[in-house]
Amino acid sequence: MKRPWLIIFAVVFILFIGSDLLLFMGKADSWWQQVPGFFALFGLVFCLVIVIVSKLLGHFWLQRKEDYYDRNDSDD
Amino acid sequence: MINLSPAFVFIIGAVVLLLLPGKARAAAFLAIPVLAFLLLLRTELGASLSVPFLEYELVIYRVDHLSLAFGYIFIIMTFLGGIYGLHLKDSGQQVASLFYAGGSLGVVFAGDLVTLFVFWELMAVSSVWLILARRTLQSARAGMRYLFVHLFGGSVLLAGVLWHFTETGSIAFNLMGGGIPAYLILFGFALNAAIPPLHAWLPDAYPEATVTGSVFLSAFTTKTAVYVLARGFAGWDILIWAGVVMAIYGVIFAVLENDIRRLLAYHIVSQVGYMVAAVGLGGEMAINGATAHAFAHILYKGLLFMGAGAVLYTTGRSKLTELGGLARAMPLVFGLYMIGAFSISGVPLFSGFVSKSIVVYAAELRHMELVVQLLNVASVGTFLHTGLKLPYFTWFGPDRLLKPAPTPPGMYAGMALTAGLCVAIGVYPRLLYNILPFPISYEPYTIPHLTSAIQLLAFTGLGFWLLIKKLGGEATITLDTDWFYRKPSRLAYKVCIVSSSQLFAAVETFCIRLVQASTRLSDNPTGYLLTIARSMGHRFFDGKQPRPEPAHFDPNRYRSSLAVLILIVLLCSVIMIAWNLLALT
């Protein structure tokens, strides 16, 4: 099941690179327009980065049991 | 020409609503925003209304392009929320919503800081009702925290206003110069805009509100804050970075959330970040961007909360770990939610694509590349969670075999109308452009912009698909800056309430013992002292032993008996007799 999807995304990626090359060849306004497929890579990389960074933050520091704030209610 | 602020239409309407019978109330609720909207359409630009108060002029109505844009959207959203809440029988929520919307409109049209402050507090006090009205223990506690945080923010704002007045002699609300009073006012505004670390009230309280309440909450408080920031602090550089931090912060925390409405609440923080950054950038394009994004955001975030609220209303559940497989049971809610999700994610042809692009374009104009790319990162996270994770694990994912109750038709109607507006703005941006504060010539639908947006979204989708096993909800809560007042509150409770009541109890016990001891002492002084001496002796020789109860005073204990008296009398008589006998001889 995984393979066809990977192939589809690979093809789409190549198409994006092609369209970027056509669009920005020699008339890029900013440095990221000179990298073909920049936003595809950007989306993928930062999707992974966001998830990994926040899961690390969560598991090592921020996540607590659901009754964390209520735990001492018995002695109220 | 009528020169009445729509805020008063809402406030008078709220009072009238209370007097109406239950069945007419929901319909009458809808008449109020319609009336206010008609009134606003008839108002001319530059209209104003001042009222003398003591020796000052209070400007309670100031109409310009900026206040009009926010006024329109607040009234529209009240109407849409009213349709969504047509099934409501709770007059408290309806009246509170109207007061809340009235307060927001009052802030938006306020021309001076005193009027602004009064309506600001009206918002805080009326909105808390929408949280308390859920009538659970959690909502009661979250509501009280919400109220206290906002009253604190309001007090700082008031301090700033008073200080500002003593320094400048003016209460007019315009662009702030600087100095401590301006920073105090900024603090008050930043708290309502949910700028970290002052944001924790938002994800704490909004998910605990009622289903309809959270739709209203998501619209007003943060967006009035964006308005007042745009009015008073446009071009303050500190806000650019505050906004960028917000945009990323909300996204990072949304990853960890299990409650769907809390996840959406963190995305409010993230989206308001775009607006705050735009306000910080200043300039016509950026202020247009902030206004446009606020306008679009109120609609699509309202729609998202309506969708999540419909799930909560029909299933009684709001946690990703307890939801799943609802698509077959509620396909229409899913479809309408996705329109909101596409809008917030900036998918072309939906409203967010237009409004978010204006903000990012304003940053490009200033050549702030880092800001541009960090906002793009936030965009990735937004699509990942609101557009993919939340809907996947709610309507697809593991099937929990839920049997949702039927969704009220009013909910469908409210969602459909809101969704229609989201698409309309996306397809025909002129609708939005016409009400922006400054003339704008920005075209979002260019080929480079479309390809970059599609690339970004498509490959965020790939990332989601790769990580899908890791992204399911976890049954946890996440610590946020509310820890700093929630945990120590327990300590403060211990120090101020528990320990003082313990001290009181200790003093009470001591006094009772003292009284007991003194009664015993006066009852039987020797007996008592003897018992103490004896027990001290025992303690000295035999270790600690319970002190024996001293015997009650027995008046006969140390009294000579009658026999002794008789004996003495007898003895005396014997002596007397013997003596007399001696005398005779």
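This is a predicted model: local features need pLDDT of at least 70, side-chain atom pairs count only at pLDDT 80 or more; totals for chains, interfaces and linings use all residues.
What radius of gyration does chain B have, and what would a compact globule of 585 residues have?

Figure 1. Chain B has a radius of gyration of 36 Å, whereas a compact globule of 585 residues would have one near 25 Å. The C-alpha trace of this chain spans about 160 × 65 × 55 Å along its principal axes, and the chain holds 21 helices and 3 strands. Of the 585 residues in chain B, 51% are buried, and among its contacts between residues at least 6 apart in sequence, 81% join residues at least 24 apart.

**Figure 2. The contact between chain A and chain B.** Here 31 residues of chain A are in contact with 34 residues of chain B. On the side of chain A that touches chain B, α1 (2-24), α2 (38-62) and β1 (63-65) each supply at least two residues, and the largest share, 16 residues, comes from α2(A). Sorted by class, this side of chain A has 19 nonpolar, 7 polar and 5 charged residues.

**Figure 3. Strand pairing between the two chains.** β1(A) pairs with strand β3 of chain B, residues 476-478, in the antiparallel sense over 3 bridges. Within this pairing, A:Lys65 stands opposite B:Thr476 in β3(B).

**Figure 4. The largest nonpolar core.** This core has 198 residues, of which B:Val226, B:Leu229, B:Val276, B:Ala277 and B:Val279 touch the most other members, while helix α12 of chain B (residues 283-315) gives the most to the core, with 20 residues.

Key:
Residues are numbered from 1 along each chain as its sequence is written. Chains are lettered from A and ligands numbered from 1 in the order in which they are written. Two residues are in contact if their C-beta atoms, placed from the backbone, lie within 7 Å. Helices (H or I, at least four residues) and strands (E, at least two) are DSSP runs, numbered from the N terminus. Ala, Val, Leu, Ile, Met, Phe, Trp, Tyr, Cys and Pro count as nonpolar, Asp, Glu, Lys and Arg as charged, and the others, Gly among them, as polar. Two strands pair if DSSP finds at least two bridges between them. A nonpolar core is a set of buried Ala, Val, Leu, Ile, Met, Phe, Trp, Tyr and Cys residues joined through C-beta atoms within 7 Å. A residue is buried if 20 or more other C-beta atoms lie within 10 Å of its own, exposed if 12 or fewer, and partly exposed in between; C-beta atoms are placed from the backbone. The radius of gyration is taken over C-alpha atoms; the globule rule is 2.2 Å times the number of residues to the power 0.38.
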